[in-house]
Amino acid sequence: MLNDTWLLVIASLVKSAILIVILLTIFAYMTWIERRVVARIQGRLGPNRAGPFGALQPLADAIKMAFKEQIIPAQAYKVIYLIAPVISVVVALSAFAVVPIGNSWTPGHPSVWDPWVGDINVGLLWILSISSLAVYGIVLGGWSSGNRYSLLGSLRSAAQMISYETSLGLALSGTLMWAGTLSMVSIVHQQTLQGQGIWFIVAQPLGFLIYIIAAVAEVNRAPFDLPEAEQELTAGYLTEYSGLRWSLYQMAEYINMVTVSSVATTLFFGGWSFFGLERIPVLSIVIFAVKVAFFLFLFIWLRATLPRIRYDRLMRLGWQFLLPLAVLNAVVTATCVALGLPWWVNGLIGLVIIGAVLAITWLRSRQTRFAVSKAGAELLPPSVRLVKTIEPELGLVNGGEAAVAGIERQQALLQDGRVQV
């Protein structure tokens with residue numbers, strides 16, 4: 001009994017060390033891959049000087065970060081300022097401990113050396129609870145910097161993560177109802193041919209859509225990267241960090257991307273299963289890696305194509321749009337499971353809801369475009385509208401000549417003294 005306990009401890013330590021090395025390597029090369037993919041999408045070259053195809057760029061970045069000056073602001077709370085980025089990294093690494101990256105080395109015979117650190121019966125609950133602690137690293141880093149831009153960025157992150165965590169948790173509840181377990185390994189087994197024989201994406205299309213949107217917001221990626229908005233907050237909670245301390249926050253962000261991608265793969269796309277091929281242990285790890293790589297590419301694709309949204313719209317999307325849909329999905333799923341209805345009924349209802357939401361959104365956007373074209377003027381947010389007493393006289397309509405005429409008219413009004421600045 002004692003020998004089995006020591007074997008379990010040693011196996012957990014060895015697998016943890018290997019997993020940390022893998023995650024840190026992924027972080028390093030995800031920065032290079034992202035820069036190359038974004039450059040490709042935007043018609044640029046990207047890093048291509050350091051090594052073949054720029055493959056040594058992560059090493060060059062690491063050397064640069066190691067030699068950059070480590071500045072501590074005079075008004076900073078030094079201890080908390082130094083601990084905050086470490087908290088973010090530790091939380092990001094800990095959340096991955098229960099994610100199974102492959103099938104057992106001997107299918108049907110579990111071993112302490114199977115490709116996951118731990119298989120606990122509340123695995124998904126562990127991920128949700130540990131991930132919730134990530135906000136502390138950001139909030140403490142922003143508050144301890146003694147900088148108002150950093151503080152505002154950290155408060156934005158706290159509000160954003162709390163808002164989207166609710167929808168994210170409810171979105172995952174549907175898969176838990178179908179799987180009947182919180183164990184990540186058991187959830188994968190339920191999606192194999194020996195289990196229910198379906199990937200839960202077909203039973204939970206609405207839950208998956210809500211999860212992926214909330215996950216992007218949870219890791220503060222574009223278009224939800226408001227906590228570090230350069231145009232408004234200089235760099236947000238990162239303003240006073242430099243060198244290796246700054247890179248720790250970037251490390252946590254990329255590792256969190258890998259974690260949420262792994263959770264999406266495990267809960268909605270069968271994890272390491274692929275129509276029986278998962279019986280080959282090494283191939284099951286490759287299958288899992290390919291699925292995770294797809295979601296990582298999706299993160300990069302979104303960053304390269306979508307602009308950052310306004311903060312009020314970010315919060316409105318979380319509370320007035322995603323949360324009601326997540327509650328509706330949970331109610332529909334619970335009803336289907338309680339009544340013993342087949343999985344395709346739940347999936348069909350989810351697709352109908354998605355279609356209805358898309359139709360309503362399209363109709364609203366069409367009405368807005370029609371209103372703009374009918375008014376013959378560009379609708380501006382209230383914060384940037386001109387003074388109402390002179391706006392009709394400026395002739396603000398679409399077209400370059402009208403815009404120039406409006407500017408000339410404004411200058412004439414200013415010269416005549418009819419308008420005061």
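**Note on the buried polar residues and the core**

1. T192 is buried, with a relative accessible area of 4% (buried is under 20%, exposed over 50%, partly exposed in between; 1.4 Å probe, protein chains only). This is a predicted model, where local features need pLDDT of at least 70 and side-chain atom pairs 80 or more, while totals for chains, interfaces and linings use all residues. Residues count from 1 along each chain as its sequence is written, and side-chain values use heavy atoms, without hydrogens or water.

2. Back to T192: you'll find T192 in the loop between helix 7 (184-190) and helix 8 (helices are DSSP runs of H or I, at least four residues, numbered from the N terminus). A polar atom of the T192 side chain sits 2.7 Å from the backbone oxygen of H189 (polar contacts pair N or O atoms within 3.5 Å, one able to donate a hydrogen and the other to accept it). Setting aside neighbours within four places in sequence, T192 is also in contact with G197, W272, S273 and E278 (contact is heavy atoms within 4.5 Å).

3. Have a look at Q160 too, which belongs to helix 6 (residues 148-179). Its relative accessible area is 0%, so Q160 counts as buried.

4. Now the charges. How many salt bridges does the structure hold? Seven (Lys or Arg side-chain nitrogen within 4 Å of an Asp or Glu carboxyl oxygen). In one of them, the side chains of E34 and R221 meet at 2.5 Å, N to O. That pair spans 187 residues of sequence, from E34 in helix 1 (residues 2-41) to R221 in the loop between helix 8 (205-218) and helix 9 (230-233). E34 and R221 are both buried.

5. R221 has another salt-bridge partner in E253, at 3.3 Å, N to O. Here the loop between helix 8 and helix 9 is linked to helix 10, with R221 and E253 32 residues apart. E253 is buried, as is R221.

6. D225 is buried at 13% relative accessible area, whereas R308, at 25%, counts as partly exposed. Through shared partners, salt bridges join E34, R221, E253 and R303 into one network.

7. On to the greasy part. The largest nonpolar core has 69 residues, and L172, Y211 and L267 have the most contacts inside it (a core joins buried Ala, Val, Leu, Ile, Met, Phe, Trp, Tyr and Cys through side-chain atoms within 4.5 Å). Helix 10 (residues 243-268) supplies the largest share of this core, eleven residues. A second, separate core of 15 residues includes Y81, A134, I138 and L238.

8. Which residues does Y211 contact, leaving aside neighbours within four places in sequence? They are L168, A171, L172, V260, V263, A264 and F268.

9. Last, helix 2 (residues 57-67). Q57, P58, D61 and M65 are buried there. On the face turned away from that buried side, helix 2 carries L59 and F67, which are exposed.

Key
Helices (H or I, at least four residues) and strands (E, at least two) are DSSP runs, numbered from the N terminus.
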